[in-house]
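Take the points in order and find each piece as you go.

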Amino acid sequence: MKIVRAITSVAVTIVIAAFVVAGARPAAAADSIDPDADFKAFRDYFTKRFPNVPLNDFVNGPYSMDAELRKQWEAIDDFPPYDFAIDRGKQMFATPFKNGKSYGDCFADKGIGIRQNYPYFDLQSGEVITLELVLNRCRETNGEEPYSYVKDEMASLTAYMAFTSRGKPFDIKIPNDPRALKAYQKGEEYFYTRRGQLNFSCASCHVQNPGNHIRTEVLAPALGIVAAMPIYRSEWNGMGTMSRRLVTCNSQVRGVPLKPQDELYRDVEYYLSYMSNGLPVSGPGTRP
Amino acid sequence: MRTWICLAATLLAGAAQAANTEVDFKTALAAAVAAEQDAVALKNQWIPTEQALAAAKKAAAAGDFDAAVAQAKQAEALAQASIAQAKEQQTAWRAGVIR
């Protein structure tokens, strides 16, 4: 009986996959990597689909899609639930490591007002460097234990750093280096690749269905989706980082998540952040 | 003659329904684990596969090899589906890209 159920499950998955792929937007010959063209198409898609949403409002995710939800958010934001994380992050940021150095020594401009430049592609190491990654590398370089990438201290540190960048436009660069273009493309591929038993891609929710509901949740548009990170999420009853968001997205479609800060997660953050160029940092944010 | 045929049929049916053994479980588990390793290589494991593998091992530890074999076979089927999905998506992802 269980074998029959498994076979049925497989068959259903294949049928859904075939159905969805058949219904998907036809692609042009797409082997070349052209971030500028992708950026324009991405922005056009969302602004044409949601002509009444001001461009900068996309960073507010589901609140830009649903008026009632927005009212609730505005009421909540009188006393933002992420405030404690900003305060804690500020204190942590100012506290020296045991060797006397501090987080500010690991960043340009002492780490203040720089969130909009992350992630970036490091030409020396040939990899995408996220804010979370560099914070932990900073700790390890200075003889401290790394933090969990998904919440608690890491969320507090990134909340404070995002807060010092609020309103600054994302400025993600893709150097003219084949490794950087490859990382960008791998991020794009990850974003559009269906995975998990439910056969969803990131795009299934955040490109094809922003504004629609999954159960009680209003789905956020992919445009500007990174801008509010880290977020206080009621579902989590606490703060979570970009890593936490990616891990839970994978789990929700019944896929085994990658490790936080896996190269592919960093690549998809790179891709999405590039797509957010010009939009203001709004983090830390609040989500249902 | 008819009696012998009936007896043989009864014995065959009984054999077909014989309880699974630890050897059957180990064979089924090995196939499931091998498939899941392929899914790992493709970075596309499914949570239900992991759950079925855990359930198979738990049933085997309790001595219920029928359930253990059934769970292991389910895990293998799920792993194969995740492999098929990953291979199909190696090119199909492009169809969803905004152009």
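**Notes on chains A and B**

1. Start with chain A: the C-alpha centres of its domain 1 and domain 2 lie 21 Å apart. Domain 1 of chain A covers 33-80 + 171-287, and domain 2 of chain A covers 83-163; such bounds come from an automatic or database domain assignment.

2. Where do the two domains touch? The contact takes 31 residues from domain 1 of chain A and 26 residues from domain 2 of chain A. Here, two residues are in contact if their C-beta atoms, placed from the backbone, lie within 7 Å. On the domain 1 side, α7 (178-192), β6 (238-240), α9 (242-252) and α10 (263-275) of chain A each supply at least two residues, and α10(A) gives the most, with 6 residues. (Helices, H or I of at least four residues, and strands, E of at least two, are DSSP runs numbered from the N terminus.)

3. Before going on, a word on reading this. It's a predicted model: local features need pLDDT of at least 70, side-chain atom pairs count only at pLDDT 80 or more, and totals for chains, interfaces and linings use all residues. Residues are numbered from 1 along each chain as its sequence is written, while chains are lettered from A and ligands numbered from 1 in the order in which they are written.

4. How confident is the predictor? The model scores ipTM 0.84 and pTM 0.87. For chain B, the mean pLDDT (the predictor's confidence in each residue, from 0 to 100) is 90, and 82% of its residues reach 70 or more.

5. (Buried means 20 or more other C-beta atoms within 10 Å of a residue's own, exposed means 12 or fewer, and partly exposed is in between; C-beta atoms are placed from the backbone.)

6. Now look at helix α3 of chain B, residues 47-61. Its 15 residues reach 21 Å from first C-alpha to last, close to the 21 Å expected at 1.5 Å a residue (that is, 1.5 Å times one less than the number of residues).

7. Which residues of α3(B) are buried? They are B:P48, B:T49, B:A52, B:L53, B:A56 and B:A60. Seen down the helix axis, these fall within an arc of 140°, so they line one face of α3(B); the arc is that of the directions from the helix axis to the C-beta atoms. What covers them includes α2 (22-41) and α4 (65-92) of chain B. On the other side, B:A54 and B:A61 are exposed.
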